[in-house]
Structures are given as structure tokens and as C-alpha cells.
Amino acid sequence: MEASEPVKISRGVKLLQHAIGLLFWLTLVLPYARRVRGLDKVPPGRCLFVCNHVSLLDTLFLSGLQWRAGRLPMLVLGDKGAWNDSWTRRFLSGPFGYLLERGKFNPRRLRELKTFGRAVENFQLIVFPEGTRGNGVDVAECQPGIFYVAQEARVAIVPVFIENMHLLSTKLGKVHPLAALGKLEFHFGEAIMPENYLPLAREEFPEFIRQKIIAAQPCKTK
């Protein structure tokens, strides 16, 4: 697919997303989620979800939650290197992923990000704007690419904070399936409407998004 071409979805992939979403709702969300807060208040229609990033499992949990909320299909901006290093990851990312190669920002990357942003016509968009997996507690500096995605999407931005994911899985650690049972929390913050973020300068936008993700947590102000 050329970066200038629109991102479309076939009926088969749409059905596959729903089947996988149901699977992850049953096998991940139900046993591991203690609370899902704010998902019922997300505005109707397509949105751009910006989420803290701890584990590759983040995407799988979000697919289950989006299935339960009736908000599929979704498209996730991801790192091609992280998702293509095993057949399992390639299979899991196939129906959901819009994968880019990690590297320096260049005109090609800009075109790809803008294409992803315009895909909101057909998908819920999910971005992990930190650009890499963190420790599950702090939200790291967000990457500038989120500005270009948002400027193209021009829909409500929904900040999401996944709490306690590090108890289950991290970037370098092993998976701990028993330790995290019933301990994960998913906080969907107040939607940011386009008129409130489109005027922001490129330089200030990443920190603006970072603060909104932090604020999605209960009783968090910084």
C-alpha cells in the first residue's frame, strides 16, 4: 500500500476483528480487568485514542474493550520491528496494525502518518504516542508524530491510561499471568474535541497529549 492511498477494510478482515475482539474480551479483559472507567462516555462515531504503552498486550486488551463497546473496526499505529519478529506477532497484528519502520522522521514518514490519520473515516484509531513501551507508572515524552495524525483525523481525541499492566507484562520482563489477575484498570479520560486541540502548535502538542493521558487516571493532576 502506498502511503497516499486510503486505508480500507474488507468484510473478511472486519469479521476477523470482531472474532478476535470477542476472544480477547473473554480471555484477557474478563479475567484481568478490575475496572473499566469512562468507556461508556466516549463520544459516538470515530475517535482517536491515545494511550500509555507498557506491553504489546495493550493492543489485545484494547481490541477486546472496543469489541465490547461496539466500536470496531480499529487500526493501531505500531512498530513494524516489534510486531514482525515472530509469526505469532505477525498474525495478531495483521487484522489491526498499521505498521511503520522505526527511524528518523522524514517526508515518507510524514506521508504515512497523514494517511493513518485519514483512515479515521473507516476505523477507530489507536496510537501509543510515547513511541515505545514504558514502565507502566510514568508517561514518557510523547513523539511529534501524534501531531500530524491528529491534524489529519480531526476527530475527538480520547486519552487512555492502562493501570497495572506492568504486573502482567512489560517490554523486557516475563509475563506473569497469575500475579495480575483482576488487577488491571482501564481509564478512558474526557474527550478532547477538535476545536480545542487543532489551534495548538506542533511544538506544544506532544506535551499536551502527555498531560491528558496522565490526567485520565483518577486523582492524577500532573
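A nonpolar core is a set of buried Ala, Val, Leu, Ile, Met, Phe, Trp, Tyr and Cys residues joined through side-chain atoms within 4.5 Å. Here, buried means under 20% relative accessible area, exposed means over 50%, and partly exposed lies in between (1.4 Å probe, protein chains only). The structure above is a predicted model, where local features need pLDDT of at least 70 and side-chain atom pairs count only at pLDDT 80 or more, while totals for chains, interfaces and linings use all residues. Residues are numbered from 1 along each chain as its sequence is written, and side-chain values use heavy atoms, with hydrogens and water left out.

**The nonpolar cores**

- The largest nonpolar core has 38 residues, and those with the most contacts inside it are F49, F61, L65, L168, L184, F186 and F188.
- At least two residues of this core come from each of helix 1, strand 2 (48-51), helix 2 (57-68), strand 3 (74-79), helix 3 (80-83), strand 6 (157-163) and strand 7 (184-188). Helices (H or I, at least four residues) and strands (E, at least two) are DSSP runs, numbered from the N terminus.
- Helix 1 gives the most to this core, with six residues.
- A second, separate core has 33 residues, among them L75, F123, C142 and I157.
- In soluble globular proteins, nonpolar side chains tend to be buried together.
- Contact means heavy atoms within 4.5 Å.

**Aromatic rings**

- The structure holds nine aromatic pairs. Rings of Phe, Tyr and Trp (its six-membered ring) pair if their centres lie within 6.5 Å; planes under 30 degrees apart count as stacked, over 60 as edge-to-face and the rest as tilted.
- F49 and F188 form an edge-to-face pair, at 6.2 Å centre to centre and with 90° between the planes.
- F49 lies in strand 2 and F188 in strand 7, so this pair ties together parts that are 139 residues apart in sequence.
- F49 is buried at 2% relative accessibility, and F188 is buried too, with a relative accessible area of 5%.
- One aromatic cluster is formed by F147, Y148, Y197, F205 and F208.

**Helix 8 and what follows**

- Which residues of helix 8 (residues 205-215) are buried? They are F205, P206, I209, I213 and I214.
- The cover over these buried residues includes strand 2, helix 6, strand 6 and helix 7 (194-197).
- Q217 is found in the segment after helix 8 and is buried, with a relative accessible area of 9%.
- Not counting residues up to four places away in sequence, Q217 touches F161 and H187.

**A buried proline in a loop**

- P129 sits in the loop between strand 5 (124-127) and helix 6 (145-153).
- Is P129 buried or exposed? P129 is buried, with a relative accessible area of 3%.
- Leaving aside its neighbours within four places in sequence, P129 is in contact with V50, C51, E141, C142, Q143, I146, I209 and I213.

**Salt bridges**

- A search of the whole structure finds seven salt bridges. A salt bridge is a side-chain nitrogen of Lys or Arg within 4 Å of a carboxyl oxygen of Asp or Glu.
- E112 takes part in two of the bridges described here: one with R108 (3.3 Å, N to O), and one with R109, where the closest N and O atoms are 3.6 Å apart.
- R108 and E112 both lie in helix 5 (residues 107-118), four residues apart, about one turn of the helix. E112 and R109 are three residues apart in helix 5, also about one turn.
- An α-helix has 3.6 residues a turn, so residues three or four places apart point the same way.
- R108 is exposed, with a relative accessible area of 54%, whereas E112 is buried at 13% and R109 is buried at 15%.
- E203 forms a salt bridge with R202, the closest N and O atoms being 3.3 Å apart. E203 is exposed at 61% relative accessible area, while R202 is partly exposed at 42%.
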